[in-house]
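This briefing concerns a model of two chains and a ligand. Please consult the sequence and structure shown below while reading.

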Amino acid sequence: MELDFGPEVADFREEARTWLDEHLVGEFAEHRGVGGPTDAEAWDVRLAWDRELAAGGWLGVSWPEEYGGRGLGLLEDIVFTYEYARARAPYRATGNALDLFGPMLVALGSEAQKRRFLPRILTVEELWAQGFSEPGAGSDLASVRTRAEPDGGDWVINGQKTWTTMGQAADWLYVLVRTDPDSRRHRGLSMLLVPTDQPGVEVRTIRNLAGQDEFAEVFFTDARTRADLVVGEVGQGWRTAMGTFGIERGSTLLPQQLTFEREAETLVQAARARGDELEPELRHRVVQEWMAIRIMRTTNLRTIGELLAGRAPGAQASIAKLYASTGHVRMGHLASEIAGPAGQITGAGYTLDARQRTFLVSLAETIYGGASQIQRNIIGEQVLGLPREPRP
Amino acid sequence: MAHHTLTGTFGEEQEELRQVVRSFLSRHSTEADVRGLMATTAGYDPALWRRMGSELGLQGLAIPEQYGGSGFGCIELGIVFEEMGRTLLCAPYLATVALAAEALLRSGDGAACEDLLPGIAAGETVATLALTEEGGRWDERGVTARAERAGGGWVVTGTKTYVPDGHTADLVLVAARTRAGVGLFAVEAGARGLDRTPLPTLDQTRKQARLDFRAVPARLVGVEGAAWPVIERTLATAAVLLAAEQLGGAARALELAVEYAGIRVQYGRPIGSFQAIKHLCADMLTEVESARSAVYEGLWALADDAAGRSADVAVAAALAQAYCSDAYTRVAGDCVQIHGGIGFTWEHSAHLYVKRAKSSEVLLGTASYHRERLAVRLGL
Ligand SMILES: Cc1cc2nc3c(=O)[nH]c(=O)nc-3n(C[C@H](O)[C@H](O)[C@H](O)COP(=O)(O)OP(=O)(O)OC[C@H]3O[C@@H](n4cnc5c(N)ncnc54)[C@H](O)[C@@H]3O)c2cc1C
């Protein structure tokens with residue numbers, strides 16, 4: 001994919017390209033394309049790379065200057081994201097804070113919270129993880145049970161979170177907790193910012209199906225945080241949390257798109273290498289997945305075009321995640337079929353090659369950020385306006 | 001990819017065009033109109049056709065001003081096709097505009113354009129392209145009809161079939177072979193030696209005919225033997241426009257399904273509140289919006305190409321046809337399913353969409369045919 005962003009940002013684009021060329025060298029260059037949104041692979045290198053980016057002033061391109069950002073616009077943000085993905089720079093270790101938590105705080109945080117936290121995200125001094133899910137609250141996030149009670153100038157927190165991506169590395173968590181013990185569902189929830197460096201917080205790593213230490217479960221036993229570290233109003237945590245989901249959908253389009261395009265190219269090459277032995281049915285399945293990636297590209301361009309024109313994105317933005325995640329899983333199955341028996345052999349110690357890892361990790365894409373079934377519920381009810389199913 | 005793709009999809013003028021066409025069709029291509037016309041042999045309303053040409057200028061939309069058109073491009077045509085697909089308009093628009101006018105324009109034959117395009121643009125001429133023969137092939141090898149020099153001109157001999165609106169066209173552009181290769185020949189409806197037989201069609205909303213040529217006097221359009229690239233390029237444009245029509249039909253079938261799912265009550269609840277139905281509708285929307293992306297990519301490629309920017313029109317067209325054929329068929333089928341028994345009746349409109357989807361699926365080549373073309377392009 002080659003995009004022309006127009007003359008207004010030509011200099012900016014050139015600056016980004018040059019900087020990436022000059023700094024994506026050595027160890028960083030060796031880790032091109034490594035990592036993903038929920039991925040711990042090559043963590044230390046990626047963290048060092050984030051610090052390199054911070055030093056170059058490339059984190060928070062569109063964040064306000066008073067909080068350490070560059071104060072540029074959405075267009076520059078997209079241009080940089082695009083150049084970044086094009087250069088195949090490693091996936092940012094601090095992606096959660098940069099793409100989800102930070103923008104949420106910019107939109108909804110208090111002035112003091114913004115001044116306290118945002119600059120340290122941009123200098124990679126403090127790492128953040130998202131504590132929404134619980135063992136009993138996944139898709140049904142409104143049934144969160146972890147609770148917080150006021151105590152003097154603090155909140156006292158008890159309960160458990162799970163599937164916390166890179167929770168084991170985080171200095172801070174943004175957690176959704178119940179602050180009104182008598183409340184039900186999404187009423188009475190609040191969003192708290194909680195430091196992990198305290199005796200009341202215990203983080204245990206969970207190994208994922210690819211063998212990686214990627215996410216964690218977090219136990220709160222009389223853990224504490226300051227009373228003013230609630231984002232938005234007390235009891236309005238549901239709205240705050242929903243805000244991050246909106247952001248989650250938009251920000252990952254371009255890098256994901258370029259990654260998928262590269263994978264599709266690899267798939268086509270692998271199929272081509274089979275020569276005449278490639279079964280006709282597989283040929284057509286390869287074409288179909290290649291087409292799906294092209295269609296995804298146009299779908300993303302439509303959304304970006306609308307965002308840049310200052311319009312609310314149309315229905316295509318709502319189907320993008322479902323289409324991309326289900327297609328990616330299909331493509332993984334196809335790639336492994338084309339690889340044949342040789343593709344089933346791993347390195348020693350369950351070391352996986354890129355195709356094996358990509359396939360296994362893709363299985364999470366139809367789960368996190370709203371499982372495919374939940375996506376279909378949302379599309380049906382919120383986009384198509386179908387009647388809601390009876391709910392408690 | 002060009003800059004215009006990032007500055008929004010359609011401009012204000014284009015949205016206005018959409019509104020004008022939509023409101024025109026909502027008055028003149030109602031379900032009753034469609035049912036009335038599909039029962040006739042001609043399959044269209046000549047008076048409405050003339051109004052489309054003279055009042056709205058739809059036939060001449062993408063014909064240059066020098067030939068009586070208004071000189072817009074494929075993006076505008078795409079909008080019109082999408083709207084026509086929504087209402088299943090019964091008219092020889094695809095045959096006339098996407099196939100015949102496009103082939104004339106592409107031929108580079110200025111004299112033929114001057115003589116033949118103004119009538120099309122004005123809504124006076126119905127035209128078509130006669131390409132396929134008994135085997136139903138859309139490639140160069142499918143052309144076996146022959147043309148020979150006779151007197152000062154040419155005569156065409158052979159049989160063309162599955163020709164869209166071939167029985168009502170005033171002007172037929174025929175692909176026929178000479179010793180130099182495939183050429184394009186213009187034949188008038190009343191020409192001596194031309195026999196036209198309307199074919200009974202499964203999809204009654206788009207008519208087809210068989211044309212038998214016995215030494216029919218014809219006019220060579222363009223250069224002798226050099227027509228295949230012209231035809232291929234015409235088919236690529238038509239593929240994108242047909243895809244736009246398919247998109248419109250699929251979008252409308254989805255609307256019908258969603259509307260019904262919201263009001264039909266079973267087990268004490270609207271059926272749309274059951275996930276089996278809701279998720280099916282969500283999948284239909286996913287298909288429709290993805291089909292829209294496939295169409296837009298095709299339209300952008302055509303627009304880029306027309307503006308002299310590099311674009312792989314053949315790939316974009318094959319992708320649009322392959323995707324939209326499958327998507328329309330699937331969505332129209334699901335629309336019947338969601339309607340249950342009533343969807344299986346002649347009286348309900350759901351079957352009209354299924355049938356249009358099926359006939360569009362094979363028109364200009366099936367999804368498999370286009371995927372095969374892509375496979376070859378990808379070196380598979
Ligand atoms: C790799 C990865 C990283 C993650 N990172 C984080 C993180 O950093 N922070 C965080 O808070 N969470 C994180 N999550 C958690 C994620 O948000 C949840 O896994 C997700 O919301 C699904 O919840 P669940 O796992 O409890 O599954 P469940 O909700 O129990 O779902 C199980 C199955 O039931 C289906 N289902 C559930 N409800 C319905 C319904 N109403 N209708 C139809 N089907 C339904 C689901 O679609 C799914 O197929 C992560 C998850 C993964 C896999």
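**Interface, ligand site and salt bridges**

Chain A and chain B together bury about 4100 Å², of which 65% lies on carbon and sulfur atoms; buried area is the accessible area (1.4 Å probe) that two parts lose on being put together, summed over both. The model is predicted: local features need pLDDT of at least 70, side-chain atom pairs count only at pLDDT 80 or more, and totals for chains, interfaces and linings use all residues. Residues are numbered from 1 along each chain as its sequence is written, chains are lettered from A and ligands numbered from 1 in the order in which they are written, and side-chain values use heavy atoms, with hydrogens and water left out.

**Interface of chain A and chain B**

- The contact (heavy atoms within 4.5 Å) involves 45 residues of chain A and 44 residues of chain B.
- Five salt bridges are found across this interface, a salt bridge being a side-chain nitrogen of Lys or Arg within 4 Å of a carboxyl oxygen of Asp or Glu.
- B:Glu289 and A:Arg302 form a salt bridge through their side chains, at 2.5 Å from N to O.
- On the side of chain A that touches chain B, two or more residues each come from helix H8 (253-273), helix H9 (280-308), helix H10 (315-339) and helix H12 (372-383) of chain A. Helices (H or I, at least four residues) and strands (E, at least two) are DSSP runs, numbered from the N terminus.
- H9(A) gives the most to this side, with 17 residues.

**Ligand site**

- Residues from chains A and B surround the ligand, so the site is shared between chains.
- Of the 20 residues around the ligand (a heavy atom within 4 Å), those that come nearest are A:Ser139, A:Trp163, A:Thr165, A:Gln373 and B:Gln275.
- A nitrogen atom of the ligand lies 2.6 Å from a side-chain N or O atom of A:Thr165.
- An oxygen atom of the ligand is 2.8 Å from a backbone N or O atom of A:Phe132, and an oxygen atom of the ligand is 2.8 Å from a polar backbone atom of A:Ser133.

**Salt bridges in the whole structure**

- Over all chains, the search finds 55 salt bridges.
- In one of them, the side chains of A:Glu41 and A:Arg357 meet at 2.8 Å, N to O.
- This pair links distant parts of the chain, 316 residues apart: A:Glu41 is in the loop between helix H2 (26-30) and helix H3 (43-55) of chain A, and A:Arg357 is in helix H11 (residues 354-362) of chain A.

Technical notes. Polar contact = N/O pair within 3.5 Å; in protein donor to acceptor, adjacent residues only side chain to side chain.
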